[in-house]
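Visitor: Hi! Could you walk me through this protein, one bit at a time?

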Amino acid sequence: MRLRPVHLARWSARHPWRAITGWFLFVLLCLGTGIAAGSHAATTEDFWVGEAGRAESTATDAGLQRRPTEHILIRSASGPLDTARAQAAARELTSRMRALDEVRDVEAPVPSADGTALRVSVVMEGAELDGRKNVVPLLAETAGVAAAHPEFVVEETGSPAISKGVNDQRGDDLALSERLSLPVTLVILLAVFGSVVMAGVPLLLALSSIAATMGLSMLASHLLPDPGVGTNMILLMGLAVGVDYTLFYLKREREERARAGGRLAPEALVELAAATAGRAVVVSGLAVIVCTATLYLATDVIFSSLATGTILVVAVAVLSSLTVLPALLVKLGHRAERRAARKSARKAARRSGRGAPAAAKPENGRIFTALLRPAQRHPVATLCASVLVMLAVAAPALGLKLVDPGKDTFSRSIPAMRVYDRLTAAYPELLVKHEVVTRTSPGRAPEARAALTELGRRAQADPLFARTGKPVLRTSADGRVTVLELAVPHPAPSDEAIASLEHLRDRYIPATVGKLPGTDTAVSGDVARGQDYVHHERGKLPLVIGFLLLFTFVTTAVAFRSAVIGLIGVVLNLLSAAAALGALVLVFQGTWAEGLLDFDSLGAIASRVPLFLFVLLFGLSMDYQVFVVSRIKEAMDHGMTAREAVLEGIARSAKVVTSAALVMVTIFAAFVFLHLTEMKQMGFCLAVAVLLDAVVIRMMILPSLLLLLGERAWPGKRPAPAAAEPLPTGGVSSARAGSAAPGTAPRRVAGTPEWLRHEDVPAPCDAPHQTPRPIRP
């Protein structure tokens, strides 16, 4: 079981074309099956939460659910509105709309209070969330009336049109983020590998993993409905972890190639890389999956979709790095050998010489050496200073405010949102509606309606509620369920709208319909939905974070057989997440950065961001934790002291970890250029978190801690003795155990299979100045 990555790599190396063909057939099978099965979209019922959800369930059971509604605004193109001609245009619009199968009813035209506009409301068929799919014919008819009456501005808005606009904008934004992140990622990989072919391998595998996951996610949506955000997460995480895992594996294979000095076949190099980097990829992938799975505890359809997409794409990325990647490396290795053989005799002789193995190139340059120097020379001061800096960055998080971003927060670059602003300016009562839903016995139905009428009268006397128009009462066919609609002339996220909900729930309902025995009353609407959702998430946050901390500790402690390392991982992840959240609050909760990052401040943070940040950041941080600590443990297995192992492991992993972090930062930072404020917040927060984690945490705080703890960080582990242990023959361990120390002639390892040997000379060990010991992944 412990050598499973090596076994997979060995099979792929022996059968490269089978592995490559099998992988792409797997991708096509996943994608084709997913397309054939289709995607199961989330319904309105899947979003019900708290009291608002209970109210909507009651109304839906009685046939009084909220219907998707569009509003067509007719204004004069210039000068005052000609009422008679506007009414004629409204009649033509009404006739066109009633002829559509998507339309349930068209209400009579309503003039604005100032007489500058005429509004026609169209109630659509189907569920509320179906509106954005069915709104296209309505938009076409509105455009037709506008063309027939050029003297008027005829424009349409409503939740369906806005949802369609947001969906279209999200698609354009994702395409933009790909155009921004892919070239930068390629440039980073070119800088790391210096080869277009080698730089293209991570991108190829990442994109193929994303394609396979898209198909699998469609199948998974039949178990867990897709609310439309899963694709975003698959693209984001697929590119990030897909490139990362391939990068770690590729770098290790190149290390082994440099150490072997041309004396090992590509198949052997791949197996040696799998023995170390392969195991680290598996542990890292499992850690990300376990951390992400805690999102299911939030019992929220959006978080469940995000968790499913992330888990699937990480699992597929791990599978690709353990199967098709070794096969590709073998084929590329043989290609490189053939090219080398055609070069000059002097270079060929130097590459295939039988002398001492070439020393591995140092993994860290001047920048990384400078970053590591403070921790190496002054660990106490470096630890204290770094922690203080992180705490200072985290301090603004104490003033965190949460809000559920609704349609009032969407970008005004969406045409329907600009029309919405003009509509609500002319008809402020359309900004927000509270829906009071009452269910009682048939015998008490008249009392319930009378109590609701009294409730509406009291609400209209409250300045927080709209005073124009009468409250609307709707009653079910059996008389048991009644819905009261109350208008509020304030945007949903505003303090006034939230206060009106509190007045309704805490004052007016208890004083009226709440007094009736055997009557169940609940409030829904845009404000109630948002407030109940935020309350729901706040209640789930401690549970999710608690399990997240537990799983992180257990995974790390088991992987490295050290409770101290597990505890360090938990503490550092908390510090990194707190600092990123503090930076997010500092930038997005105020207004000073609006012009810089092109957003309109909500005065708060989107309610989904903190929970999503903690879970995803813990998973991504485990990536770096696993790869860095794996190199340290590996060095100790080779006989180094704890101090030597820390310096050696971090120095050798610094460049690749930082390169991987730059790739992730690039991908996440591209989301800052999107239109949706919530996506901007997520991208900014994750980019800052990864950058802080890779530079401050892994290059300063972690080495300082481990240097101060020494052997105490590894209970029961002591430096290896000088003499090598007798080893079994064959396999990777035998090849490594047979490595010659510097200055001695290499010896042949009995039992090493022919496909692993190039000239019967095994690869040198990772710590050539120490007596080699076997690595048992």
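Visitor: Where does histidine 149 lie?

Guide: Keep in mind that this is a predicted model. Helix α6 covers residues 136–148, and strand β5 covers 152–158. Histidine 149 falls in the loop between α6 and β5.

Visitor: Is histidine 149 buried or exposed?

Guide: Look at its relative accessible area, which is 13%. Anything under 20% counts as buried, so histidine 149 is buried.

Visitor: Which residues does histidine 149 touch, leaving out those up to four places away in sequence?

Guide: Skip the residues up to four places away in sequence. With those set aside, histidine 149 touches Ala89 and Glu92.

Visitor: Over to the open sheet of four strands: which strands stand at its edges?

Guide: The order is β8-β9-β7-β10, with antiparallel pairing. Two of these strands have a single partner each, so one side of each is left without a neighbour in the sheet. From one strand to the next, the twist averages 20°. The edge strands are β8 (472–475) and β10 (520–525).

Visitor: What is the bridge partner of valine 472 in β9?

Guide: β8 pairs with β9 (residues 481–488) in the antiparallel sense, over four bridges. For valine 472, the bridge partner in β9 is glutamate 485.

Visitor: At about what angle to β10 does helix α19 run?

Guide: Helix α3 (residues 50–61) lies across β7, β9 and β10, and runs at about 105° to β10. Helix α19 (residues 526–560) lies across β7 and β10. Its angle to β10 is about 95°.

Notes:
Residues are numbered from 1 along each chain as its sequence is written. This is a predicted model: local features need pLDDT of at least 70, side-chain atom pairs count only at pLDDT 80 or more; totals for chains, interfaces and linings use all residues. Side-chain values use heavy atoms; hydrogens and water are left out. Helices (H or I, at least four residues) and strands (E, at least two) are DSSP runs, numbered from the N terminus. Buried means under 20% relative accessible area, exposed over 50%, partly exposed in between (1.4 Å probe, protein chains only). Contact means heavy atoms within 4.5 Å. Two strands pair if DSSP finds at least two bridges between them. Axes are lines fitted to C-alpha atoms, for helices over the stretch in contact, and angles run from 0 to 180 degrees between N-to-C directions.
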